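Hi,

Here is the structure I promised to pass on.

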Amino acid sequence: MKKVPFLDLHAAYAEIKREIDEAVGRVFASGWYILGPEVEAFEAEFAGYCEAQHCIGMANGLDALHLALRAMEVGPGDEVIVPSNTYIATWLAVSQCSATPVPVEPDDRTYNIDPSLIEAAITPRTKVILPVHLYGQPADMDPILAIARRHGLRVLEDGAQAHGARYKGRRIGANGDAAAWSFYPGKNLGAVGDGGAITTSDAELADRIRVLRNYGSRVKYVNEVQGYNSRLDPIQAAVLRVKLKHLDAWNVRRGALAKQYLNGLADTGLRLPHVPEWADPAWHLFVVRSVQRDRLQQRLTDAGIGTLIHYPIPPHRQQAYAAAGIPTDAFPLAGRMADELLSLPIGPQLPTAAVAQVIEVMGRQFAAT
C-alpha cells in the first residue's frame with residue numbers, strides 16, 4: 001500500500017506552480033514589500049468573496065482575532081464567550097486583551113458552540129460572543145446573533161477553518177460584526193507562511209483595525225493610538241490572490257472526498273460528521289469519533305496513513321490556563337471530544353484512491369473488533 005500523508009502542501013503548489021511563481025516574481029519586481037497594491041488588491045478580492053464590505057490583511061490569524069477584539073474595545077475586566085473545544089488561539093486572543101474567556105460547551109453533533117447554552121453564560125461583563133466555525137462546519141449563527149442583539153453584544157466569528165463555507169446560503173465572513181481569518185499554509189486558503197485577515201461590513205470597525213495593525217498610524221510617523229505591527233506580507237497576498245481563484249473548485253473536491261468517506265464509513269459504527277440542512281461546509285477537516293480512537297489511529301499509522309487529533313487538550317486543561325483554576329472536568333463534552341475525535345486525510349489534491357485505502361483499513365479495524 002502507498003503511504004497517505006495527512007496533507008500534501010507540495011501537491012497544491014505543483015498544481016498551480018506557474019501562477020504562483022509569476023505572482024511572487026511580480027512582487028519582487030515591484031520593489032513594494034510592505035502593504036501596498038498587492039495587499040490592497042487581495043483585500044478587495046477577499047472582501048468581495050466573503051460578501052463583506054471590508055477586508056484588512058494581518059500578519060496571522062491570532063493577530064486577526066486579537067485586533068478585532070481590541071477594535072471592539074475589549075479590555076481588562078471584560079468577558080468574551082468562547083467555545084470550550086477549539087484551538088487555543090481563540091482563547092489567547094481574549095487573554096491578550098486582558099479579558100477573560102468564558103467557555104461554553106458545544107453541540108454534541110456539530111462540535112460547534114451550542115447556542116442554547118450561551119445566554120446562561122452572559123454576565124454584565126460580557127462584551128463579545130466568539131463562535132468558531134470548527135473543522136469548516138458553520139456554527140449556527142442566527143440564534144447567536146439574536147442573543148447578541150438582545151444583550152447589546154458584538155459577535156466576532158473565528159473563520160480560520162471555514163474559507164468558502166456558507167450558512168443558510170450566506171458566505172462565512174459577514175454574518176457577525178466581523179470575522180477573523182487565518183491563512184496558515186494548511187488552511188483551505190493557505191499562504192506560504194503566516195497570514196491572516198479580518199472581514200467586516202462595519203466601516204468604523206474596519207478603520208479602527210487598519211490603524212491598530214499599523215503602529216496606530218494612518219500617516220507615517222503620526223501615531224493616534226498605541227497600535228501593533230501586524231500587516232499581511234505582499235508576497236503572501238500575491239499567493240493568496242492566486243489560490244483564491246481556485247478556492248471554490250478545491251472546496252468542491254474536498255466535498256466529493258467527504259461524501260466518499262461518508263458513504264464508505266457508514267457501516268463502521270463511527271460517529272461521522274453531522275451536517276445540518278442549512279450548512280454548506282468547507283470540509284477543512286474530516287473528523288470521525290470513536291471510543292476506540294487511539295487504537296484506530298495506531299492502526300492507520302501502521303498502515304502508513306497520516307492522521308491528526310484536533311485537539312488533544314482542551315484549552316481549559318492547558319498549562320497556559322492553569323492559573324484560571326478551571327476544574328479539569330468542568331467541560332466534560334470538550335474532554336470527551338479530545339479523547340474520541342480523529343481527523344482523517346482530506347485535501348483537494350488527495351486522490352480518491354487514497355481515500356478508498358483509508359476506508360479499507362478502517363473497515364478492517366472495525367471488522368476485527
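This is a predicted model: local features need pLDDT of at least 70, side-chain atom pairs count only at pLDDT 80 or more; totals for chains, interfaces and linings use all residues.

Residues are numbered from 1 along each chain as its sequence is written, and side-chain values use heavy atoms, with hydrogens and water left out.

**Salt bridges**

Side chains of opposite charge can pair when their charged atoms come close. A salt bridge here is a side-chain nitrogen of Lys or Arg within 4 Å of a carboxyl oxygen of Asp or Glu, and that rule gives 24 salt bridges.

Take Glu38 and Arg26: their closest N and O atoms are 2.6 Å apart. Glu38 belongs to helix α3 (residues 37-49) and Arg26 to helix α2 (residues 17-30), so this pair ties together parts that are twelve residues apart in sequence. (Helices are DSSP runs of H or I with at least four residues, strands are runs of E with at least two, and both are numbered from the N terminus.)

How accessible are these two? "Buried" means under 20% relative accessible area, "exposed" means over 50%, and "partly exposed" is in between, using a 1.4 Å probe and protein chains only. Glu38 counts as buried at 12%, and Arg26 as partly exposed at 39%.

Next comes Glu45 with Arg241, where the closest N and O atoms are 2.7 Å apart. This one links distant parts of the chain, as Glu45 is in helix α3 and Arg241 in helix α9 (residues 234-264), 196 residues apart. Both are partly exposed: Glu45 at 31% and Arg241 at 22%.

A further salt bridge joins Glu79 to Arg125, with 2.9 Å between the closest N and O atoms. Glu79 sits in strand β2 (residues 79-83), and Arg125 in the loop between α6 (115-118) and β4 (126-129), 46 residues away. At 8% relative accessibility, Glu79 is buried. Through shared partners, salt bridges also join Arg26, Glu38, Glu45 and Arg241 into one network.

**Strand β9**

Five of the five residues of β9 (residues 196-200) are buried, so this strand is largely enclosed by the rest of the structure. Gly196, Ile198 and Thr200 point one way, and Ala197 and Thr199 the other.

Which strands pair with β9 (pairing takes at least two DSSP bridges)? Strand β1 (residues 54-58) runs antiparallel to β9, joined by five bridges, and Met58 has Gly196 as its bridge partner. Strand β8 (residues 178-182) is also antiparallel to β9, over four bridges, with Trp181 opposite Ala197.

Cheers

Terms used:
Two strands pair if DSSP finds at least two bridges between them.
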